[in-house]
Amino acid sequence: MTPLPIELSIRPLTAQSFAPFGEVIEAEPSTMRLINVGTTERFHALFSPEIAGEGARVIVNIFRGQPRAFPYEIGMMERHPFGSQSFSPLSGRPFLVAVSPDEDGKPGEPQVFLAAPHQGVNYRRNTWHHPLMAIGAVSDFLVVDRDGPGNNLEEFFFDTPFMIREPSL
């Protein structure tokens with residue numbers, strides 16, 4: 001018999017709640033500097049990409065995510081041992097972020113966050129996370145990650161899945 005999914009709550013994404021897993025990318029007033037003769041606000045150094053391994057380089061991509069159907073089962077997590085991975089929404093839509101603490105080389109119970117349309121995330125190297133979860137409509141994301149030799153993907157499949165309900169927007 002397949003075990004019933006464990007229901008998870010969805011929390012708002014904040015820098016403090018996400019800190020164990022990486023950085024929240026948003027226009028934080030404390031990082032703002034005026035540039036270009038005062039005509040542009042620059043929000044400086046919002047995250048730092050991490051890469052490791054000979055021949056590695058930082059790359060920038062656009063991912064187009066298909067919306068998830070709810071209730072949604074989180075049955076797996078992935079992590080990238082050689083580089084961080086950031087997701088910044090381009091379509092002006094919120095999205096879901098699911099991360100897990102590492103427990104002896106396996107993901108623990110996921111934590112799920114609702115990212116606002118103006119927020120992105122940068123997963124640190126080796127952070128267990130669920131693949132991209134667009135909600136409501138097809139959505140584009142600017143993704144900064146690592147390219148280069150070596151297997152930069154590890155996947156883990158849960159024996160008992162976790163379930164999330166459709167978030168309130």
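**Notes on a predicted model**

1. Let's start with His-129: at a relative accessible area of 2%, it is buried (buried means under 20%, exposed over 50%, partly exposed in between, with a 1.4 Å probe and protein chains only). This is a predicted model, where local features need pLDDT of at least 70 and side-chain atom pairs count only at pLDDT 80 or more, while totals for chains, interfaces and linings use all residues. Residues are numbered from 1 along each chain as its sequence is written, and side-chain values use heavy atoms, with hydrogens and water left out.

2. What does the side chain of His-129 make a polar contact with? One partner is the side chain of His-80, at 3.4 Å, and the side chain of Gln-85 is joined to His-129 at 3.3 Å. (A polar contact is a pair of N or O atoms within 3.5 Å; within protein, one must be able to donate a hydrogen and the other to accept it, and residues adjacent in sequence count only if both atoms are side-chain atoms.)

3. On to the rings. Searching the whole structure turns up nine aromatic pairs (rings of Phe, Tyr and Trp, the last by its six-membered ring, with centres within 6.5 Å; planes under 30 degrees apart are stacked, over 60 edge-to-face, the rest tilted). Phe-18 and Phe-21 make a tilted one, 6.0 Å centre to centre with 50° between the planes, and both residues are buried. The pair Phe-158 and Phe-162 is edge-to-face, because the centres are 5.0 Å apart and the planes at 80°. Phe-158 and Phe-162 are both buried too.

4. Ring pairs also link Phe-18, Phe-21, Phe-63, Phe-87, Phe-113 and Tyr-123 into a cluster.
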